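Colleague: I'm new to this one. Could you show me how to read a few of its features?

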Amino acid sequence: DTANGLAAYKRLTTLFPASAPAWNNYGNLLERTGHTDAAIAAYREGLKVAPNDADLFFNLGRAQEHMGDTAGAISSYENAVKLDATLSEAWNNLGVLYDKTGRKDQSLASFRHSSQARASFVNGHFNYGVAQLRLGHTAEAITALETTTQLDPTNADAFTMRGESYLRAGRTADAMTAYKRAQQLAPKDPASRLGLGVIALQNQHYDEAMGLFNDAIALNPADGMGYLMAGRVLLEKGDVAGAVASSKEAAIRSPNSAEVAMGLGAALEKQGMLADALAQYERGMQLAPNEMQNRLIFAHLAEKLGAFDRARAAYQSAINESGGEAEARKRLAEIHEKNGHLDLAAGVLEEAIKVFPADGDLKVRLAETRYRQGQYEPAEASLQGALRVTGPHLARAHYLMAFLSYRKGNSPAAQKELDAALAIAPDMAEAYYEKGEIFAAAGKTELARQNYNKAIQIRGTYTDAILAIKRLEAKTSP
């Protein structure tokens with residue numbers, strides 16, 4: 001019986017106080033009988049006499065994790081894998097806790113070690129695949145999840161995640177096969193129905209999608225994802241009020257889901273409830289602080305509402321936490337420019353170019369800023385840099401080079417640059433307008449008129465071009 005078993009194991013620790021297995025066995029039995037605090041004490045006693053026993057550290061970490069001592073458990077697991085790098089379970093548990101505490105890179109590395117330490121360890125491959133998928137590494141995720149299902153062909157969760165990874169890779173047929181296999185293995189699990197519903201929604205099979213999402217709701221009415229996805233169907237069908245109502249139901253059931261908060265925000269934004277949408281985006285940002293896309297969505301709407309300080313802070317945090325996201329830096333520079341801080345905007349763009357030297361658009365934006373500052377030579381150098389990294393295919397760069405050439409009095413070179421811009425972007429109305437200006441200054445009235453009219457034809461109401469034609473008519477009228 002349990003009492004005699006505990007007494008026997010405790011006696012072994014007395015008879016063999018330096019025996020790590022004795023302390024491990026005693027602690028394990030204490031845990032199994034619900035005495036986790038006593039088990040922790042036993043493992044600690046064992047470590048006093050066997051400080052290099054990896055199993056004692058692993059078991060201590062497991063007990064600490066059970067008691068909610070995350071920091072203590074991480075420390076114990078770290079010690080375990082330092083002493084024995086082949087402990088797959090320790091690596092796996094460490095990865096879970098790293099993920100829980102927002103240490104994504106360390107989590108991924110731990111899951112990789114877990115899968116490598118013992119090739120047959122299913123959880124290591126599964127968690128490694130899920131971590132890769134969350135980071136957007138679809139190919140790596142597919143490989144790990146396929147390995148998982150090869151090792152365990154009855155793992156419904158792995159088939160569901162395979163479906164998601166295939167879907168992200170654009171392999172819709174494979175995704176559908178994986179989701180259907182997951183549904184066969186776990187017919188009462190709503191996850192596979194959600195995945196199949198997403199495929200139906202992408203194919204604009206709205207009734208089929210709604211049926212699958214309603215099935216997911218019926219299987220687990222306490223979860224908000226079915227309601228959220230049903231809301232997306234309604235949004236696609238133009239029923240904005242219904243989408244908002246369904247998304248609110250999702251938020252009631254899953255108040256701590258960042259995806260639900262962002263989905264409700266999108267529905268509210270579509271409804272025109274921009275302040276409420278911003279509040280939901282902010283909540284989504286708070287619930288998933290490592291999801292940079294949430295920060296960008298929040299910042300974009302904050303900027304739209306004129307909340308420039310909040311937008312700037314969100315863009316800056318996206319830059320800081322992502323290691324330098326180009327889009328966030330561009331938007332931050334735009335905010336600085338709107339506030340008249342051209343020096344700050346130029347500084348942000350210069351730092352961004354250091355991180356993303358092959359991003360031609362960043363160089364073009366820096367050139368525009370330098371041009372507004374009256375720094376024409378740095379502007380030209382930046383444009384030349386843009387054309388070097390992208391080849392001659394960046395219309396905006398040619399357009400701005402035309403300005404610089406014209407400023408130097410080199411009209412033929414300016415016209416050549418504008419022609420290059422139009423060859424790439426034939427609907428660039430402003431390029432036609434500038435060509436009209438060059439021809440008008442050269443006294444080539446008819447060519448000027450043709451280019452002004454082309455600009456108006458593309459843009460419709462192009463006030464500067466309309467006024468330019470009136471000036472031409474005034475000059476030529478008797």
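Modeller: Let's start with burial: buried means under 20% relative accessible area, exposed over 50%, and partly exposed in between, using a 1.4 Å probe and protein chains only. One caution is that this is a predicted model, where local features need pLDDT of at least 70, side-chain atom pairs count only at pLDDT 80 or more, and totals for chains, interfaces and linings use all residues. Residues are numbered from 1 along each chain as its sequence is written, and side-chain values use heavy atoms, with hydrogens and water left out.

Colleague: Is R193 buried or exposed?

Modeller: R193 counts as buried because its relative accessible area is 14%. You'll find R193 in helix 12, residues 190-202; helices are DSSP runs of H or I, at least four residues, numbered from the N terminus.

Colleague: What does R193 touch, leaving out residues up to four places away in sequence?

Modeller: Contact means heavy atoms within 4.5 Å. By that rule R193 meets Q183, P187, L212, D215, A216 and L219. K180 sits 13 residues from R193 along the chain, with 8.4 Å between their C-alpha atoms.

Colleague: And which residues of the largest nonpolar core touch the most other members?

Modeller: Such a core is a set of buried Ala, Val, Leu, Ile, Met, Phe, Trp, Tyr and Cys residues joined through side-chain atoms within 4.5 Å. Here they are F213, V233, F298 and Y315, out of 52 residues. Helix 14 gives the most to this core, 7 residues. Another core, of 34 residues, lies apart from it, and L383 and I456 are among its members.

Methods:
Helices (H or I, at least four residues) and strands (E, at least two) are DSSP runs, numbered from the N terminus.
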